[in-house]
Amino acid sequence: MTVTTLPRTNNLGLGILLTILAFLSVAIMSAFGKAASSSVSSGVLVFFQNSISLVLLLPWVIRDGLGNMKTKHLGLHFVRGISGMLSQYFMFVALSHIPLVDAVLLVNAAPLFIPIITWIWLRHGISGRLWLSLLIGFVGIVLIIQPASGVFNWATSLALIAGIFSAIALVTVGRLNTTESSIRILFYYFLISTILTVPLLLTKWAAPEPKAWIYLIGIGIAMALAQLLLVLAYEQASPSRVSPFNYSVVVFSGIIGWIIWNEVPNTLSILGTVLVCAGGILSVIHYHMKHEPFPINQLRGG
């Protein structure tokens, strides 16, 4: 799973396919979380998500040697671990109250916040075209939240906060990528997130019903599979070229939500979804034109 030592094969078609499959796994993981949220607390969901992924990653860690997991950037790993864990936690809370596609879309609106975070944190400038891309995306968010409807949905706002934490995690990954291998980044993320959610597991634990166990195991496997597919995708093509296909998760989530929960978005939500996807894709393109590639070569969780 270590991508830093493998040459990129420049197979764009395969890279796109692997990226789409990775975000299909993300949509399935989110659906498992929504299905389990009625009987399992969000903290327990995040614990199983990351602990199972950590166990599945261990063979590669052992193969590379524990000595190769040493890092000089533990602080950045903690920032990534905390922000990624909070993003997942808030997403799972939101999933129990709002449609699957809305929660997934708002969490994946992270590209709209990354330029602002890098502007504050790394002093990266924001061009006029990039501001326009962000404006398009933020108009889409307003249409999805629909504040003028007279019904304030706190869960929708929570999903948006999850997207902000996701952006922080991704910017941190962008900084870690300059010195750390992918397997080391994933190892510390899964390890730190698992440790951070142990108190939530102990205080919120209640024996899940048999069906919920399937969801919990599915969440961990789907998360690990998504990470593996992304690593493989970026061996085939650069993240900046395949990143627009990250938004395939919105299509998959919409289909799953419609089939399983009969969730049908209204016209404003559909328009908002289109604008958020367009704004996110354009922001990736315009950011890449002025700065280094967008820090999107790990999942938000990120």
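Is V251 buried or exposed? V251 counts as exposed, because its relative accessibility is 51%, and the cut-off for that class is over 50%. The points below concern a predicted model.

1. The nonpolar surface patch. V251 is found in helix α11, which spans residues 248-261. Together with I255, W258, I259, I260 and V264, V251 makes a nonpolar surface patch of about 650 Å². An α-helix has 3.6 residues a turn, so residues three or four places apart point the same way.

2. Aromatic pairs. The structure holds 11 aromatic pairs. In one of them, the ring centres of F47 and F48 are 5.7 Å apart and the ring planes stand at 85 degrees, so the pair is edge-to-face. Planes over 60 degrees apart qualify for that description. F47 is buried, with a relative accessible area of 14%. F48 also counts as buried, at 13% relative accessibility.

3. The contact between F48 and W213. The rings of F48 and W213 have their centres 5.7 Å apart, and because their planes lie at 80 degrees, this pair is edge-to-face. F48 belongs to helix α2 (residues 42-64) and W213 to helix α9 (residues 210-236), so the pair ties together parts that are 165 residues apart in sequence. W213 counts as partly exposed, at 34% relative accessibility, whereas F48 is buried.

4. The aromatic cluster. Which residues do ring pairs link into a cluster? The members are F47, F48, W205 and W213.

5. Charges over rings. K34 is placed over the face of W261, at 5.5 Å from the ring centre. R80 lies over the face of Y189, and here the distance from the ring centre is 4.3 Å.

6. The enclosed helix. Why is helix α4 described as largely enclosed by the rest of the structure? The reason is that 8 of the 8 residues of this helix (residues 100-107) are buried. The buried residues in α4 are L100, V101, D102, A103, V104, L105, L106 and V107. Among them is D102, which is buried along with L100 and V101. V251 of helix α11, by contrast, counts as exposed.

Note on methods: Residues are numbered from 1 along each chain as its sequence is written. This is a predicted model: local features need pLDDT of at least 70, side-chain atom pairs count only at pLDDT 80 or more; totals for chains, interfaces and linings use all residues. Side-chain values use heavy atoms; hydrogens and water are left out. Patches are made of residues with over 30% relative accessible area and no salt bridge: like charges are joined within 9 Å, nonpolar side chains (Val, Leu, Ile, Met, Phe, Trp, Tyr) within 5 Å. Accessible areas come from the Shrake-Rupley method with a 1.4 Å probe; for residues, only the protein chains shown count as cover. A salt bridge is a side-chain nitrogen of Lys or Arg within 4 Å of a carboxyl oxygen of Asp or Glu. Helices (H or I, at least four residues) and strands (E, at least two) are DSSP runs, numbered from the N terminus. Buried means under 20% relative accessible area, exposed over 50%, partly exposed in between (1.4 Å probe, protein chains only). Rings of Phe, Tyr and Trp (its six-membered ring) pair if their centres lie within 6.5 Å; planes under 30 degrees apart count as stacked, over 60 as edge-to-face and the rest as tilted. A charge sits over a ring if NZ of Lys or CZ of Arg is within 6 Å of the ring centre and within 35 degrees of the ring normal.
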